[in-house]
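The sequence and structure come first.

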Amino acid sequence: MHGLADGVQRRQDPGGLELLGVANDQASAGIALQGGQLLHWTPAGEKPVIWLSPAAKLLPGKAVRGGVPICWPWFGAHEQNPGFPAHGYARTAPWQLTETRREDDGATCLALRLSAGPANADWWPHAPSLELHIRIGTALELELVTRNEGSAAFRFSTALHAYFAVSDVRQASIHGLDGCSYLDKTDGNRPCRQSGPLTIAGEVDRVYQKTGADCLIHDPGWQRRIRVEKRGSHSTVVWNPWRDKAAQLGDLGEDGYLRMLCLESANVADDSITLPPGGEHRLWVRYSVLPA
Ligand code: TA6
């Protein structure tokens, strides 16, 4: 790749990660090449929309708390091998930057790639290639493209594990999941049904099933709504660890659990994807801010 587009900077963080900073008239953002992880995104004139923990550890081989981690090719603990990295190997693998581009409307586009190779051989005996397309403007768009370049079909789960910034999670509500069935991971995956908007007043860890619906996060404290649009996903995960689990995690910062909620566009559980040789799956999201 030759040169970087205007407004894109590459630097080495003191912790050892390679980071990209993006600034244009519409927004600013940061990206770590490790994990192909968007770290933060702030539209011009707004408070941050994608939240990075103030206590996040930016270290090689460690998952970074915040941003939009890419869970791939499994979600949560590996079913057969609990010692394998949680949420798959892609979020701590070294991705390559393949393109940066400034669009006519002023948005910045980047592409990153994770090819099959030594990084995945220990964990995943297939030949996948992953591409992440990022568009940073007044809205943030992410598209994760999974291709099967091998000769056998494979099955995978994935999630764009987005951490959204909120003024106070106790005041926020999530709209768009009314009537959906979900598995409650805080209660042994008990099947439940959502009634009305979702509010958070304790630990929440849920997999909403059979839903391709867009969601809105209402945040009266910051007088805004965050719109989450998605395609190629029929499951949605909502997570907040609440006080005790947050303290165990140790990288959420003081009261960090009150400043964020995860709303993840996913292909998990029944919605896992089987890709035949030569097959391709696209998971696309767009995040944007609307007035309250
Ligand atoms: O998406 C929800 C979840 O799977 C939770 O169960 C919780 O553990 C969270 O992700 C964070 O996982 P991590 O491995 O990043 O600590």
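In this predicted model, the shell around the ligand consists of R65, F75, A86, H87, R91, H161, K185, D205, V237, W239 and E264. By residue class, the shell divides into 5 charged, 4 nonpolar and 2 polar residues. R65, R91, K185, D205 and E264 count as charged, while F75, A86, V237 and W239 count as nonpolar.

Which side chains place a polar atom 3.0 Å, 3.3 Å or 2.5 Å from an oxygen atom of the ligand? The table lists them with their distances.

| Residue | Atom in the side chain | Ligand atom | Distance |
|---|---|---|---|
| H87 | polar atom | oxygen | 3.0 Å |
| K185 | N or O atom | oxygen | 3.3 Å |
| D205 | polar atom | oxygen | 2.5 Å |

On its own, the ligand has 390 Å² of accessible area, and the protein covers 81% of that area.

The next topic is strand pairing. Strand β8 has strand partners in β7 and β9. Strand β7, residues 108-114, runs antiparallel to β8, and 7 bridges join the two. One of the bridge pairs links T108 with I136 of β8. Strand β9, residues 140-148, is also antiparallel to β8 and is joined to it by 9 bridges. Within that pairing, S129 stands opposite R147 of β9. How many residues lie between β8 and β9 in their hairpin? There are 3 residues between the two strands of this hairpin.

H78 sits in the loop that lies between β5 (70-71) and β6 (96-102). Is H78 buried or exposed? The relative accessible area of H78 is 13%. The cut-off for buried is under 20%, and therefore H78 counts as buried. A polar atom of the H78 side chain lies 3.0 Å from the backbone nitrogen of N81. The H78 side chain also reaches the backbone nitrogen of Q80, at 3.2 Å.

Key. Residues are numbered from 1 along each chain as its sequence is written. This is a predicted model: local features need pLDDT of at least 70, side-chain atom pairs count only at pLDDT 80 or more; totals for chains, interfaces and linings use all residues. Side-chain values use heavy atoms; hydrogens and water are left out. A residue is near a molecule or strand if one of its heavy atoms lies within 4 Å of it. A polar contact is a pair of N or O atoms within 3.5 Å; within protein, one must be able to donate a hydrogen and the other to accept it, and residues adjacent in sequence count only if both atoms are side-chain atoms. Accessible areas come from the Shrake-Rupley method with a 1.4 Å probe; for residues, only the protein chains shown count as cover. Two strands pair if DSSP finds at least two bridges between them. Helices (H or I, at least four residues) and strands (E, at least two) are DSSP runs, numbered from the N terminus. Buried means under 20% relative accessible area, exposed over 50%, partly exposed in between (1.4 Å probe, protein chains only).
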